[in-house]
Structure formats: C-alpha cells, structure tokens
Amino acid sequence: MLSHPRILIAEDESGIADTLQYVLRTDGFIPVWCATAEEAIAEFAAQPPALAILDVGLPDMNGFELFKRLQALNREQGGAEVPMLFLTARSDEIDRVVGLELGADDYVAKPFSPRELVARVRTILRRSGRGNGHSTARPGPAAAAPPTSGGPPSPFSLDAERMQIRYYGRLLELSRYEYGLLKLLAQRPGRVFTRDELLALVWDDASESFDRTVDAHVKTLRAKLRAVAPEVEAIRTLRGTGYALNEELPLR
C-alpha cells in the first residue's frame with residue numbers, strides 16, 4: 001500500500017464518530033471527522049478522500065443533499081469518482097432505495113457492527129481501485145472500444161480503462177453500479193439477465209443486497225439514457241424475470 005487511504009466521516013454524533021475513527025485507524029486508514037455537512041464539503045474540496053461515510057441525519061443538511069453536493073464538487077474538480085456510503089438510523093427500505101437511486105455504493109443502518117462497516121469500506125475501495133493510496137487524478141486518454149468485439153454496430157462505446165461509457169457519442173455520468181449494469185447489458189444485447197444474476201455479477205456481495213437494489217439502479221440508468229435519446233427505449237423489462245438491452249437500437 002503506497003499510503004494510507006483517507007476516509008471522510010460526516011457524522012454529528014461524537015460517540016459514533018469516535019468508534020469509527022478508532023476502527024478505521026486500527027485497520028490502517030486515516031479517518032477525517034466532520035461534524036457538519038459544511039465541514040465535510042470544505043474538507044472534500046481541500047483534499048478528496050478515498051471514500052466518504054455520510055450520515056443521513058446531519059444537523060445542517062440532509063445526507064442525501066450532501067451526497068449530491070459532493071458529487072457535483074467531484075465533477076468540478078475533475079478527479080476520479082469518490083465512492084460513498086450512507087450511515088443512518090433509518091432502517092426503512094424506502095430510505096435505502098433513495099440512497100441507492102442517488103448512486104451510493106452502500107448503505108449501513110444503525111446500530112451496526114464497526115468491523116462489518118470497515119469490511120464494507122475495504123470491499124468498496126478494492127472494487128474502485130482506490131485502496132492503494134493513489135491520487136484521485138483521472139487516468140490519461142484511452143481509445144474507446146465498442147462493448148462487443150466483432151458484433152453489430154452499437155450506439156454504446158465502452159472505455160474499460162477509464163470505466164466510462166458513451167451513448168450516441170455522449171459521455172454518461174454513471175455511478176459504479178450503473179456502469180457495471182450497463183456494461184454487462186451492452187456486452188450481451190438481447191440476453192435476458194435475471195435480478196439474481198445481475199446482483200451476483202455486478203454487486204460484490206449479493207447477499208447484502210436485494211431485488212429493489214437492481215430495480216432502483218435500472219430506473220436511474222434509464223433516466224440517464226433517455227436524457228440522451230428520449231425516443232429510444234434502450235433497456236427492456238421482462239416482467240417477473242429481469243432486464244435486457246434492446247438489440248435493435250437505432251444508429252445515428
């Protein structure tokens with residue numbers, strides 16, 4: 001490990017923050033605690049962390065709004081996407097779905113096991129390639145390649161090195177899971193993937209996720225595709241089964 005990854009913690013309860021800092025520091029991370037959203041924004045702007053843990057119930061700003069602010073700041077800075085995990089006392093499924101629809105990498109409800117949370121942090125960092133202390137600068141330009149080699153022409157263009165997908169020439173702003181889903185579907189047009197298959201192939205720990213997780217991400221993915229081509233239905237729903245990429249997408 002080249003350096004210890006910095007983990008931003010936005011949590012107003014000092015007892016929970018102290019516990020998180022202790023277990024993260026013990027596991028080789030550098031925790032940075034912010035008691036308010038404004039502090040978190042300032043810290044993020046000064047030096048983007050390897051990962052951010054955001055409490056939904058912050059005193060000065062809803063955690064979901066903070067998430068969107070940090071995402072926007074990330075884009076402005078031009079750095080690699082910072083993975084984020086929601087931490088909240090709310091256990092209702094609807095709250096989890098809201099967080100996942102926004103593009104969060106994980107969601108942990110209080111009370112929680114500190115060691116389990118650290119394990120999830122490690123999983124997210126391993127998946128994102130940010131657990132080695134490298135800087136957050138974007139990789140250099142790489143030639144884009146079509147999702148399928150030798151297959152029919154497609155409106156999708158995949159740059160695997162940069163984890164980017166273009167749709168009709170426009171770069172899509174995708175969360176990590178949205179990227180994984182679209183990459184999988186685009187590589188096999190017409191192939192129907194069940195929700196269980198998508199969970200197993202895209203999510204690192206399918207046992208910690210649920211069917212609504214897939215539905216929530218497909219919903220936001222469709223919205224982003226329609227923003228580029230409103231007249232095209234790129235992802236088909238097979239009721240009671242799963243999803244498939246439309247194999248007869250028009251070319252422009």
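In the predicted model, five strands form an open sheet with parallel pairing, in the order β2-β1-β3-β4-β5. Strands are DSSP runs of E of at least two residues and helices are runs of H or I of at least four residues, both numbered from the N terminus; two strands pair if DSSP finds at least two bridges between them. Strands β2 (30-34) and β5 (106-109) stand at the edges of this sheet, each with a single partner strand, so one side of each has no neighbour in the sheet. From one strand to the next, the twist averages 20°. Residues are numbered from 1 along each chain as its sequence is written, and side-chain values use heavy atoms, with hydrogens and water left out. Because the model is predicted, local features need pLDDT of at least 70 and side-chain atom pairs count only at pLDDT 80 or more, whereas totals for chains, interfaces and linings use all residues.

Within the parallel sheet, four bridges link strand β1 (residues 6-10) to strand β3 (residues 51-55). Ile-9 is placed opposite Ile-53 in β3. Two helices lie across strands of this sheet. Helix α1 (residues 14-26) lies across β1, β2, β3 and β4 (84-88), and runs at about 165° to β2. Helix α2 (residues 37-46) lies across β1, β2 and β4, at about 160° to β1. Such angles run from 0 to 180 degrees between N-to-C directions, and the axes are lines fitted to C-alpha atoms, for helices over the stretch in contact; contact means heavy atoms within 4.5 Å.

Three strands form an open sheet with antiparallel pairing, in the order β6-β7-β8. Its edge strands, β6 (156-159) and β8 (170-171), each pair on one side only. Strand β6 and strand β7 (residues 164-167) run antiparallel and are joined by four bridges. Here Asp-159 stands opposite Gln-164 in β7. Helix α6 (residues 176-187) lies across β6 and β7, running at about 120° to β6.

A further helix, α8 (residues 211-228), contains Arg-226. Arg-226 counts as partly exposed because its relative accessibility is 38%, where buried means under 20% relative accessible area, exposed over 50%, and partly exposed in between (1.4 Å probe, protein chains only). Leaving aside residues up to four places away in sequence, Arg-226 touches Val-232 and Glu-233. The side chains of Arg-226 and Glu-233 are joined by a polar contact of 3.0 Å. A polar contact is a pair of N or O atoms within 3.5 Å; within protein, one must be able to donate a hydrogen and the other to accept it, and residues adjacent in sequence count only if both atoms are side-chain atoms.
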